[in-house]
Amino acid sequence: MKLLKFNRNALAQLFLLLVGFQVFFSVLNMLGDRSQEYKAGYMTSVGGLYLLLFPLIMMTSFAGISVHISLTMGGLRRALGWQLAALNVICCAVVCASQWGSMWVLSRMFGSDSPVFLARFPRLAMLASAGTLVLGGLGLWMGLCAQRWGGKALALCALAELVVAGGVITWFVISFLKGGAAGDILAWLLAPRASAASLAAVAAGCAAVAALLHLASNCLLKKAVVRV
Amino acid sequence: MEQTLQASHLVKRYGKKEVLHDVSLTIEPGVIYGLIGRNGAGKTTLLSILTAQNTHDAGTVTYGGQPVWENEKALADLCFSRELSGQILFGQNTYKVKDYLLAASMYYPRWDKAYADQLVQRFGLDVKKKICKLSKGMMSMVTIVLALASRAPITILDEPVAGLDVVAREDFYKILLDDYTETGRTFVISTHIIEEAANVFEKVIILNNGQIAAVENTEDFVASFSFVSGREEDVDAVTAGHEVLHTERMGRQKGVAVRAARAVMERAAAGRDVDISPVSLQKAFVYLTGEEAHHETA
């Protein structure tokens with residue numbers, strides 16, 4: 001796993017950075033004079049925002065760098081396909097772990113209603129997985145067609161990221177302007193059930209993403225080889 | 001052992017623009033090649049296709065008779081050290097030098113870490129700096145370290161001396177020749193600083209407008225040009241029947257570059273008052289590929 005090996009430092013740094021962000025904003029939130037429901041909603045919102053945005057940003061960055069480095073140093077495209085897929089899943093896992101872990105610690109420290117967030121978390125994580133699936137696919141495409149379509153693929157990644165980020169931020173701003181906690185907007189989507197089944201679904205989703213990307217890479221690669 | 005890298009009838013298009021037209025080339029083992037061509041001639045495209053980093057639209061690229069595309073064994077023997085740029089958010093530029101070299105150590109099976117460390121020290125590279133923060137010359141040094149320490153049987157360097165000062169360039173050529181003497185591996189070096197490198201290149205490949213204009217032994221290639229100067233009527237008489245590549249006039253004096261060996265010109269000039277001088281590799285390249293390259297037979 002060459003890609004993971006030389007991205008490990010960046011992944012570790014990002015994990016700590018996200019924990020820091022979450023703890024900072026959550027402590028501010030916890031110290032405020034608001035209802036427990038509001039606080040839990042706030043944290044869900046912040047956590048959700050991270051989950052939706054950071055895997056996308058990470059994949060754009062990692063996929064771009066990794067693909068370039070790997071191919072310019074004689075890496076095989078077929079190896080790159082599954083390595084990118086694995087990196088994709090790990091990016092998502094890092095963000096999930098940082099958010100869930102920091103919220104768990106905070107809920108212990110403050111004794112607040114954070115379990116609401118923890119309960120909603122698995123579905124949030126599934127959303128994040130879906131997001132990374134889109135970007136992972138683009139990253140894969142970029143990997144297979146690097147230097148031929150690299151520029152266009154990167155532009156598409158950036159566009160996808162912009163659309164998702166813009167949409168999510170707009171959503172949150174409107175929610176706040178309406179006077180409610182942003183987390184309430186998500187509430188209809190995120191039923192407060194933290195079950196082993198949900199977590200298993202997340203894991204299965206991640207595995208499905210990896211398998212799909214691997215299959216797609218082989219399929220696309222055969223076409224590329226036939227073409228050449 | 002080293003094997004032959006061969007391209008046959010390569011065609012490469014970017015959209016509707018065809019950048020390589022029916023290029024055939026054989027890179028033999030144990031030779032230092034110089035690849036020269038004008039900006040946009042297709043040098044980097046050709047090198048990236050030879051090393052399976054880029055697709056092509058027609059033709060084949062083989063190493064030891066096997067296609068290089070997705071061929072792990074072939075790719076392990078090929079190193080194409082690309083020119084680095086200062087773009088902040090582009091590829092490896094966000095990496096620190098030490099991480100970039102670490103990545104190289106994972107991909108090149110013959111990576112020589114001790115040699116890489118030695119070169120880093122010799123060039124005075126700060127390995128903790130990000131590539132995008134390095135000067136152009138320092139970036140070139142990183143590409144040189146990567147190429148040489150890869151110990152790949154076929155090592156290709158794209159503009160390795162771009163941005164290097166004259167001392168560093170001399171140092172690079174010395175290191176390169178020492179390495180070549182020690183390992184006998186194949187080097188392909190693309191450069192625009194032709195004059196300095198002319199003595200290093202055993203063979204020269206000239207790429208002009210996406211086509212191979214020449215692949216020859218450098219000495220033989222340079223020796224096949226002559227510059228004849230003198231009174232116009234003498235020069236015209238001496239160069240009659242030869243391929244004229246370049247003409248310049250100063251009053252009644254005329255200078256003509258021709259595609260003919262000096263000995264041939266000297267024989268033709270018997271009894272006439274003309275000077276016959278050799279042509280440098282750079283001049284030969286300019287005559288072949290320059291704007292006024294209107295080859296005519298005098």
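**Briefing on a predicted two-chain model**

Leaving aside neighbours within four places in sequence, B:Val145 is in contact with B:Leu101, B:Ala116, B:Leu119 and B:Val120.

**Nonpolar cores**

- The largest nonpolar core has 92 residues, and those that touch the most other members are B:Tyr33, B:Leu78, B:Val142 and B:Val145.
- Helix H5 of chain B, residues 136-150, gives this core its largest share, which amounts to 10 residues.
- Because domain 1 (5-217) and domain 2 (224-297) of chain B both contribute residues to this core, the core lies between them.
- A second, separate core consists of five residues, among them A:Leu18, A:Ile90, A:Ala93 and A:Val95.
- As general background, nonpolar side chains in soluble globular proteins tend to be buried together.

**The two chains**

- Chain A contains seven helices and zero strands, and its elements, read from the N terminus on, run α-α-α-α-α-α-α.
- Chain A has 228 residues, of which 45% count as buried, and among its contacts with a separation of 6 or more, 85% join residues 24 or more positions apart.
- Chain B contains 11 helices and 15 strands, and its C-alpha atoms fill a box of roughly 65 × 40 × 35 Å when taken along the principal axes.
- Of the 298 residues in chain B, 43% are buried, while residues 24 or more positions apart account for 69% of the chain B contacts that have a separation of 6 or more.

**Domains of chain B**

- The domain assignment divides chain B into domain 1, covering 5-217, and domain 2, covering 224-297, and the centres of these two domains of chain B, taken over C-alpha atoms, are separated by 35 Å.
- Where the two domains of chain B meet, nine residues of domain 1 are in contact with six residues of domain 2.
- On the side of domain 1 of chain B that touches domain 2 of chain B, the elements giving two or more residues are helix H7 (194-197) and strand S9 (203-208) of chain B, and S9(B) provides the largest share, namely three residues.
- By residue class, that side of domain 1 of chain B divides into six nonpolar, one polar and two charged residues.

**Helix H6 of chain B**

- Helix H6 of chain B runs over residues 166-183, and because its 18 residues should span 26 Å at 1.5 Å a residue, the 26 Å between its end C-alpha atoms agrees with that expectation.
- The buried residues of H6(B) are B:Arg169, B:Phe172 and B:Leu176, and they cover an arc of only 55° around the axis, which puts them on the same side of H6(B).
- These buried residues of H6(B) pack against H5, strand S8 (186-190) and H7 of chain B.
- On the face of H6(B) turned away from its buried side are the exposed residues B:Val167, B:Lys174, B:Asp178, B:Thr181 and B:Glu182.
- Just after H6(B), the residue B:Gly184 takes a positive phi of about 65°.

**Individual residues of chain B**

- B:Val31 is placed in the loop between strand S2 (17-27) and strand S3 (32-37) of chain B, and it counts as partly exposed because it has 17 C-beta neighbours inside 10 Å.
- Not counting residues up to four places away in sequence, B:Val31 touches B:Thr186, B:Glu202 and B:Lys203; B:Val31 and B:Lys203 are 172 residues apart in sequence and 7.3 Å apart in space, C-alpha to C-alpha.
- B:His9, found in strand S1 (residues 5-14) of chain B, has a positive phi of about 50° although it is not a glycine, and its 13 C-beta neighbours inside 10 Å are the reason why it counts as partly exposed.
- B:Asp22, which lies in strand S2 of chain B, has a positive phi of about 50° although it is not a glycine, and with 14 C-beta neighbours inside 10 Å B:Asp22 counts as partly exposed.

Note on methods:
Residues are numbered from 1 along each chain as its sequence is written. Chains are lettered from A and ligands numbered from 1 in the order in which they are written. This is a predicted model: local features need pLDDT of at least 70, side-chain atom pairs count only at pLDDT 80 or more; totals for chains, interfaces and linings use all residues. A nonpolar core is a set of buried Ala, Val, Leu, Ile, Met, Phe, Trp, Tyr and Cys residues joined through C-beta atoms within 7 Å. A residue is buried if 20 or more other C-beta atoms lie within 10 Å of its own, exposed if 12 or fewer, and partly exposed in between; C-beta atoms are placed from the backbone. Helices (H or I, at least four residues) and strands (E, at least two) are DSSP runs, numbered from the N terminus. Domain bounds come from an automatic or database domain assignment. Two residues are in contact if their C-beta atoms, placed from the backbone, lie within 7 Å. Ala, Val, Leu, Ile, Met, Phe, Trp, Tyr, Cys and Pro count as nonpolar, Asp, Glu, Lys and Arg as charged, and the others, Gly among them, as polar. The expected span of a helix is 1.5 Å times one less than its number of residues. The arc is that of the directions from the helix axis to the C-beta atoms.
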